[in-house]
Amino acid sequence: MTEAPHALDNRQWIAKVLAAILPGLGLVFAVMAILGRLAGTTGDPRSLPAQALMWLTAVLWVFVLGTCFLFSTGRQAWAVLGGACAALWGCFLLLRLFLS
């Protein structure tokens, strides 16, 4: 007989929300930095790529905040979001090194 999958519970909701706020925001900023580097934004906030990045940041962060409760534990949320944040910032640094 197969085991039932773990039920989602929100007993560790503070740890999950903090994981979405701190490394989740860093993750979203890393995505914004990578896309900004690839789009060739000039820093002018009135340009179309800058406006798209600004609105994309808000949408992605709301997505991260909404999905943080799908992790089974707060430790798993911190590990996944923190690891993804570190990996994406590493990708941004490599991209900046090669596109300079």
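This is a short tour of the structure, from the whole chain down to single side chains. The model is predicted.

**Whole chain**

Start with everything in cartoon view. The protein has 3 helices and 0 strands. Read along the sequence, the pattern is α-α-α. Now look at the overall dimensions. The C-alpha atoms fill a box of roughly 55 × 25 × 25 Å along the principal axes. The radius of gyration is 16 Å, whereas a compact globule of 100 residues would come near 13 Å.

**Surface**

Show the surface next. Of the 100 residues, 24% count as buried.

**The nonpolar patch**

Select W13, I14, L18, I21, L22 and W78. Together these residues make a nonpolar surface patch of about 590 Å². Which helix gives the largest share of the patch? Colour helix α1, residues 13-39: this helix contributes 5 residues, the largest share.

Then pick W78. This residue lies in helix α3, residues 74-98. W78 counts as partly exposed because its relative accessibility is 36%, between the 20% and 50% cut-offs.

**The aromatic pair**

The structure has 1 aromatic pair by the ring-centre rule. The ring centres of W89 and F92 lie 5.5 Å apart with planes at 90°, so the pair is edge-to-face.

How far apart are W89 and F92 along helix α3? They are 3 residues apart, so about one helical turn separates them.

F92 has a relative accessibility of 12%, so F92 counts as buried.

**L25**

Go back to helix α1 and select L25, which sits in that helix. L25 is partly exposed because its relative accessibility is 25%.

Which residues does L25 touch, leaving aside neighbours within four places in sequence? Its contacts are A20 and W61. Show both side chains alongside L25.

**Last stop**

Finish with a distance. Draw a line from the C-alpha of L25 to the C-alpha of S100. These two residues are 75 residues apart in sequence and 26 Å apart in space.

Note on methods
Residues numbered from 1 in each chain as written. Predicted model: local features only at pLDDT ≥ 70, side-chain atom pairs only at ≥ 80, totals over all residues. Heavy atoms only, no water. Patch = residues over 30% accessible without salt bridge, like charges linked within 9 Å, V, L, I, M, F, W, Y side chains within 5 Å. Areas by Shrake-Rupley, 256 points an atom, 1.4 Å probe, with all protein chains shown as cover. Salt bridge = Lys/Arg side-chain N within 4 Å of Asp/Glu carboxyl O. Helix = DSSP H or I, 4+ residues; strand = E, 2+ residues; numbered from the N terminus. Buried < 20%, exposed > 50% of the residue type's maximum accessible area, 1.4 Å probe, protein only. Phe/Tyr/Trp six-rings, centres within 6.5 Å; stacked < 30°, edge-to-face > 60°. Contact = heavy atoms within 4.5 Å. Rg over C-alpha atoms; globule rule 2.2 N^0.38 Å.
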